Amino acid sequence: MGAAMETFYSVIRRQGITRRSFNKFCSLTATSLGLEPLAADRIANALETKPRVPVIWMHGLECTCCSESFIRSAHPLAKDAVLSMISLDYDDTIMAAAGHQAEAILEETRAKYKGQYILAVEGNPPLNEGGMFCIDGGKPFVEKLKMMADDAMAIMAWGACASWGCVQAAKPNPTQATPIDKVITDKPIIKVPGCPPIAEVMTGVITFITTFGKLPELDRHGRPKMFYSQRIHDKCYRRSHFDAGQFVEEWDDESARKGYCLYKMGCKGPTTYNACSTVRWNGGVSFPIQSGHGCIGCSEDGFWDKGSFYDRLTNIKQFGIEKNADQIGVAAAGAVGAAVAVHAAVTAVKRLASKRADPKQDH
Amino acid sequence: MMDAVECPAQSKPDLAAIAADAVGGHAIGRPTVYVYEAPVRICHWVNAFSTVALMTTGYLIGMPLPSVEGEASANFVMGYIRFAHFAAGQVLAVFFITRVFWAFVGNHHSRQIFYLPAHRKQFWREMLDEVRWYAFLEHEPKMYVGHNPLARTGMFTGFTLFVAYMIITGFALYSEGSGIDSWQHKLFGWVFAIWPNSQDVHTWHHLGMWALVTFVIVHVYAAIRADIMSRQGIISSMVSGERQFRD
C-alpha cells in the first residue's frame, strides 16, 4: 500500500460504533452466513485491514443522469455507498471543494494512491478539434481522462455515454464523441451501460468490488455478467403474453389496457441486456414496460441511431437509404421476381419463334 | 439438335460416364447419368422444406399474427411459432452439416457447390457462355452433367454462403435465450462482437431471409427453365438422382 488508506473499521468506529458492537456484528454475520466459528475473526480482520477504495468520479460529455440515478439508490443507500463503502475523493458535481482546490485533489489522489484508485467516468471525451468540445478545469477532458487513467486500478464506464457513445455520438457525431474503451486501451474497463444505468446496478457493482476486493466477472462487451447477462425480455412480467401471442396493436387499445406484450409497438426488450425487469427503478417501484411503454434499449450500443423507438424492425443504413429489412427484402425479391417473369416471357417468345422457324422440331 | 453424347464438350471427364450409364437404367434409348446420390437428394429436400418452414415462421416472429384473445395461459401462438422456427433451424443445421460432410465422401458432383474453381480460365470462359445463354445471345445451351459455372456460382452463394450465414446468426440469436453459458453462445457468441447490439443481428438475420427468398425464386426458375430449354431432366434428377439427356 502506497499510503495509509482508511479501513472499514476506522469508518465504523468514526460513526460511533463500539468495538464490542463491531465484534458482535462480525460474529452474527459469520453465523448467519453459516460459516465456521473462526470466520468471525477473519471477517473482523478483513474489515480492520481492508482499505476503502478511493474513487475519482469524472464528468465528460454527459447529462449527469448517471449521477442523478446513482443518488437515488435504495439498496444500498447512495449515502452508504459514498460515505462508508468507498472513499469518493473527487466528484466535481457533488463535492464541496471547487476550483483549484478541487483540481488539486486529482493530483493528490493520483500520487498517493497510484494504481489503487478506481476511475469512474460519466460521459465521454469528444476527440475532434483536439478535444476542444469539452473543456474541464481549463484543459480538454480527454487529456484529463488519459492522465487519471494512467494510474488507475480500473475504470468504471458509467452509462451509455462512457460505454457506447450515446446521443452525443449520434450520426454524424460532429464532436467525435468517443466511448472510453476506444480511448483508454490499457486498463480494465467495466461498462455499466444504460441511460442512465439503474441506481442499484451502479451501487451493486461498487459493493461487489469493495466486498470481494476484485472486479466482477465481465461479459464479451465488458459489462458485469451479474446485471447484464439477460435480456429485459427474458424476465419481463409481460412475457407470458408474448408467448401467447397477445400484443398491444396500438396505443390505448384494449390490449394496452390489459397489459399485453409491447413487442409490436417496438419494445426493444428482446434485444436489450439490462436488469430493469428484475431490479426495476426507484426502489423497485416500476420500469418502463410496467408503465405501459416499450423498452427503448437505452443500454445497447447505437440505440440512438436505429430509427424510431416504436418500430419492430429498425432501419438499415448500410445501403445509403434508411429502410428496414422488410422494405429492402421485398424490393429485392420483387425486382428479382419481376426479372424472372420477364426472362420467362422472353424465353417463351423466343422458343415459339424458333419453333415456327423450324416446324420439324416438335419438342 | 445435337446428339447428347457430343454436347457435353465442356465436361470431358464425364463423356465416358454418360456413355457407360446410357446402356443401363430405365431410360430407353436416352443417355442418363447418376449425378445426385441419395444423401444429396435427401439433404436437398429436407433443407428445402425446413427453409420454407423457417421463412414462414421467421417472418411471423418479426411480424406477429394479430393479437389473440383470452387468458395468456390458454394460448401459446408465439410459443409454437418460435418452437417451429427453432426446430426447423436445428434440422437445417444438421442437414447442412451432413451435406458438407457428404461433399468429402460423396462423388465429385457433391463437392461442386462448396467451392468455385475461380483460378481456372475455363471456368470463366464457360461462365461467360452461360451469361450469354441467359441473355439470349446463344442459340444452344451447353450441357453439363452437374452444375454449369453460373449455376454453381449461384448455388455457392445462395445455398452455401447464405444458409451458413443464417445458421450462424440464427444460433447466435438462439443463444440469447439459452444463456451466456450455453454451447450456442460459446460457439456463436462472436457474432455479437461484430454487431454489439443484438437488434442489428436480428435485422441482418431478417434481411438474410429475404436473400434466401430471392435465391429460391432464381433457383426454382432456373431449374424449371433448364429442364425445358436444355432438354435435360433437372427437376427429376433431384428425385431419382439420374440426369437424363433427352435428345
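## Chain A overall

Of the 363 residues in chain A, 39% are buried, meaning that 20 or more other C-beta atoms, placed from the backbone, lie within 10 Å of the residue's own. The model is predicted: local features need pLDDT of at least 70, side-chain atom pairs count only at pLDDT 80 or more, and totals for chains, interfaces and linings use all residues. Residues are numbered from 1 along each chain as its sequence is written, and chains are lettered from A and ligands numbered from 1 in the order in which they are written.

Chain A has 15 helices and nine strands (DSSP runs of H or I, at least four residues, and of E, at least two, numbered from the N terminus). Its C-alpha atoms fill a box of roughly 110 × 50 × 40 Å along the principal axes.

## Contact with chain B

In chain A, 43 residues are in contact with 34 residues of chain B; contact means C-beta atoms, placed from the backbone, within 7 Å. Helix H12 (239–244) and helix H15 (325–357) of chain A each supply at least two residues of the side that touches chain B. The largest share of that side, 12 residues, comes from H15(A).

## Helix H10

Helix H10 of chain A covers residues 199–212. Because 10 of its 14 residues are buried, H10(A) is largely enclosed by the rest of the structure. Among the buried residues are A:Glu200, A:Met202, A:Ile206 and A:Thr210. After H10(A) comes A:Gly213, with a positive phi near 65°.

Methods
A residue is buried if 20 or more other C-beta atoms lie within 10 Å of its own, exposed if 12 or fewer, and partly exposed in between; C-beta atoms are placed from the backbone. Two residues are in contact if their C-beta atoms, placed from the backbone, lie within 7 Å. The expected span of a helix is 1.5 Å times one less than its number of residues.
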